[in-house]
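Please keep the model open while going through the numbered points.

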Amino acid sequence: MRSFLPALVLAVAVPPLHAAEPPLPQLRAYTVDASWLQPMRPLQIADHTWQIGTENLTALLVQTDDGAVLIDGGMPQMADHLLANLQQRGVAPQQLRWILLSHAHADHAGAVAELKRRTGAQIASNAETAVLLARGGSNDLHFGDDITFPPANADRFLMDGEVVSLGGMHFTAHFMPGHTPGSTAWTWNDTRDGRPVRIAYADSLSAPGYRLQGNPRYPHLIEDYRRSFATVRRLPCDVLLTPHPGASGWDYAAGAKASAAAMRCSAYADSAERSFEAQLARERDNAH
């Protein structure tokens, strides 16, 4: 008897003809304002502290007799620029000892993996930041996988109030969760023209597009922000800097006049709190 099984299988395997479907979407690049990527020469903040990032992204170099500390690394494409500015300040790659972070978003931690690879520097962060850093920003509570970057592993895990020391400089970590669960402010003492100056580098206090109320991924988000406003007000703070300089009144492109409108920590916290409460009120209004 003749079998029709092969013909039947062939008929099932061939899909019916239909109109062509549209192509799948292209990947979306994380693009930013051009000023975030505008290189700048090192700008002196204090006797040992320099801004070496870009015109609108802070990366702070602190030089000591035993090597250097970098706080934040900017976008992934900033690594060469930062290393060039290190060299301009007389810091060889192997003299960078520590990399500290405000938070692990691509615009502040994007270059950290490459910097660690090319300098041998160690990364110190709290556990929340370390997790996001190791994921390269993926599965972010608010942005999902939209702003990923090369991942890196922290070498030292910090507690709130813990100090990282190098060459007589002492950097204190102050946890200020909200913008990310691991957001951190850093404070240290420097001098300016030989006089003591207390520097605070406070993380972002904004909530860009965040769901504030009843966020299942961050149930205590509102409470964390409010505690962090209070934390920033209490920081030892003669000079305040922030990851995005405009948030604290700095204009790095202005050179010698960069700090003309710079805020103190209390004013920064007050302004951020007003914006946060207004955003929260709008969200509540839209929910009704």
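1. A residue is called buried under 20% relative accessible area, exposed over 50%, and partly exposed in between, using a 1.4 Å probe and protein chains only. Asn139 has a relative accessibility of 38%, so Asn139 counts as partly exposed. Asn139 is found in the loop between H5 and S7, and has a positive phi of about 55° although it is not a glycine.

2. Some ground rules come next. The model is predicted, so local features need pLDDT of at least 70 and side-chain atom pairs count only at pLDDT 80 or more, while totals for chains, interfaces and linings use all residues. Residues are numbered from 1 along each chain as its sequence is written, and side-chain values use heavy atoms, with hydrogens and water left out.

3. On the overall picture: the chain has 7 helices and 12 strands, where helices (H or I, at least four residues) and strands (E, at least two) are DSSP runs numbered from the N terminus. The C-alpha trace spans about 105 × 55 × 35 Å along its principal axes. Of the 288 residues, 47% count as buried. Among contacts (heavy atoms within 4.5 Å) with a separation of 6 or more, 63% are between residues 24 or more positions apart.

4. Asp193 also has a positive phi of about 55°, although it is not a glycine. Asp193 sits in the loop between strand S10 (184–192) and S11. With a relative accessible area of 72%, Asp193 is exposed.

5. How do the axes of helix H2 and helix H4 cross? The axes of H2 (residues 79–88) and H4 (residues 112–119) come within 9 Å and cross at roughly 45°. That makes H2 oblique to H4; angles under 35 degrees count as roughly parallel, over 145 as roughly antiparallel, 65 to 115 as roughly perpendicular, and the rest as oblique. Axes here are lines fitted to C-alpha atoms, for helices over the stretch in contact, and angles run from 0 to 180 degrees between N-to-C directions.

6. In the contact of these helices, Ala79, Asp80, Leu82 and Leu83 of H2 meet Glu114, Leu115, Arg118 and Thr119 of H4. The residues of this contact divide into 4 nonpolar, 1 polar and 3 charged. Ala, Val, Leu, Ile, Met, Phe, Trp, Tyr, Cys and Pro count as nonpolar, Asp, Glu, Lys and Arg as charged, and the others, Gly among them, as polar.

7. The structure holds 6 aromatic pairs. Rings of Phe, Tyr and Trp (its six-membered ring) pair if their centres lie within 6.5 Å; planes under 30 degrees apart are stacked, over 60 edge-to-face, and the rest tilted. Phe143 and Tyr210 have ring centres 5.9 Å apart and planes at 65°, so this pair is edge-to-face. The two residues are 67 residues apart, Phe143 in the loop between helix H5 (127–134) and strand S7 (156–157), Tyr210 in the loop between strand S11 (195–201) and helix H6 (221–233). Phe143 is partly exposed at 24% relative accessibility, whereas Tyr210 is buried at 4%.

8. Phe229 and Phe276 are also an edge-to-face pair, 5.7 Å centre to centre with 70° between the planes. Phe229 lies in H6 and Phe276 in helix H7 (residues 265–287), so the pair ties together parts 47 residues apart in sequence. Phe229 is buried at 0% relative accessibility, and Phe276 is buried at 2%. Tyr225, Phe229 and Phe276 form one aromatic cluster.
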